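Subject: Structure handover

Hello,

Here is the structure for you to look over. My notes on the disulfides, a sheet and the aromatic pairs follow below.

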Amino acid sequence: MSSPRSGLGLGSLLIAVLIVLALGVGTVYAAIPNGNGKYFACFIKSTGVVKLINYPKVSTCPKGEKLISWNAQGPAGPQGAQGPQGPQGAQGAPGAAGITKITLTQVVSELTVAPGFSGSTTTTCPAGKVVGGGFQNEGALAFATDSYPGGPTSWRAEAYNSGVVNSTLLVYAVCMTTDPSAVIATASKARVGKKHK
C-alpha cells in the first residue's frame with residue numbers, strides 16, 4: 001500500500017511530464033509563425049498551460065481553452081542610455097596635400113621678324129599652367145596677326161613685318177603654379193617664319 005506522500009510524488013511527476021511535452025510541441029511550432037509573423041496557441045484556463053497550434057490549419061481550441069496570439073516581433077522599445085566613449089582609433093593615412101599658395105609668374109619671349117616676313121614663337125611656362133598671355137610691339141611696322149594659348153602650359157603669338165628693317169615683338173605668358181619657388185624662364189630664341197603672302 002502506497003503512502004499519500006508517494007502518491008503525491010507520482011502526480012507531480014505526471015504533471016511535469018505533461019508540461020514538458022506541451023513545451024516540446026510548442027518548440028516545433030514556434031519555428032513557423034503564420035504569414036503575418038504571429039504565433040497562435042490554446043490557453044488552458046484550468047491549468048495555465050499554453051499549447052502552440054499550427055494556425056490557420058488549426059484555428060479553434062477545444063472547450064475550456066482560449067485562442068490567444070502574439071507577434072513574433074514586438075514593438076521597438078525606448079532608446080537606451082548612451083554608452084561610454086570608446087578608445088581612440090589608430091591614426092589614418094595622410095591625405096593628399098592641398099594647395100597652400102598660388103603663385104603667378106610672367107614669362108616673356110622675343111619674336112624678331114624680318115622685313116616682309118611673318119614669324120611666330122611660343123612662350124612656355126617653366127612650371128604650372130598658363131592662365132593668360134599677350135604681346136607688345138617693339139617695332140612700329142611689326143604687328144601681331146594672332147595670339148592664343150599654345151597648350152596647357154604655353155602662349156603662342158604670330159606676327160608680320162611690313163617694314164624694311166627687322167622688327168621685334170615681346171610675347172608674354174602668365175603662369176600659375178602652387179610652387180612658391182617658381183623661377184621665370186630665360187627668354188627663348190625666336191624663329192623666322194615663311195614670307196607673308
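The torsion about the S-S bond of cysteine 125 and cysteine 175 is about -90 degrees, so this disulfide is left-handed. The sulfur atoms lie 2.0 Å apart. A disulfide here is a pair of cysteine sulfur atoms within 2.5 Å. The bond links distant parts of the chain, 50 residues apart: cysteine 125 is in the loop between β5 (117-124) and β6 (129-137), cysteine 175 in strand β9 (residues 167-177). Strands are DSSP runs (E, at least two residues), as helices are (H or I, at least four), numbered from the N terminus. Cysteine 125 is buried at 7% relative accessibility, and cysteine 175 is buried at 0%. Buried means under 20% relative accessible area, exposed over 50%, partly exposed in between (1.4 Å probe, protein chains only).

A note on the source: this is a predicted model, where local features need pLDDT of at least 70, side-chain atom pairs count only at pLDDT 80 or more, and totals for chains, interfaces and linings use all residues. Residues are numbered from 1 along each chain as its sequence is written, and side-chain values use heavy atoms, with hydrogens and water left out.

The structure holds 2 disulfides. The other joins cysteine 42 to cysteine 61, with sulfur atoms 1.9 Å apart. Its S-S torsion is also about -90 degrees, so it is left-handed. Cysteine 42 lies in strand β1 and cysteine 61 in the loop between β2 and β3, so the bond ties together parts 19 residues apart in sequence. Cysteine 42 is buried, at 3%. With the bonded cysteines numbered in sequence order, the pairing is 1-2, 3-4.

Strand β1 also sits in a sheet. Three strands form an open sheet, ordered β2-β1-β3, with antiparallel pairing. Strands pair if DSSP finds at least two bridges between them. β2 and β3 are the edge strands, each pairing on one side only. There are 3 bridges between β1 and β2. In one of them, alanine 41 partners leucine 52 of β2.

Now the aromatics. The whole structure has 2 aromatic pairs (ring centres of Phe, Tyr or Trp, its six-membered ring, within 6.5 Å; planes under 30 degrees apart are stacked, over 60 edge-to-face, the rest tilted). One of them, phenylalanine 40 with tyrosine 55, is stacked: 3.7 Å centre to centre, 15 degrees between the planes. Phenylalanine 40 is in β1 (residues 38-44), and tyrosine 55 is in the loop between β2 (50-52) and β3 (65-71), 15 residues apart. Phenylalanine 40 is buried at 11%. Tyrosine 55 is partly exposed at 27%.

Best wishes
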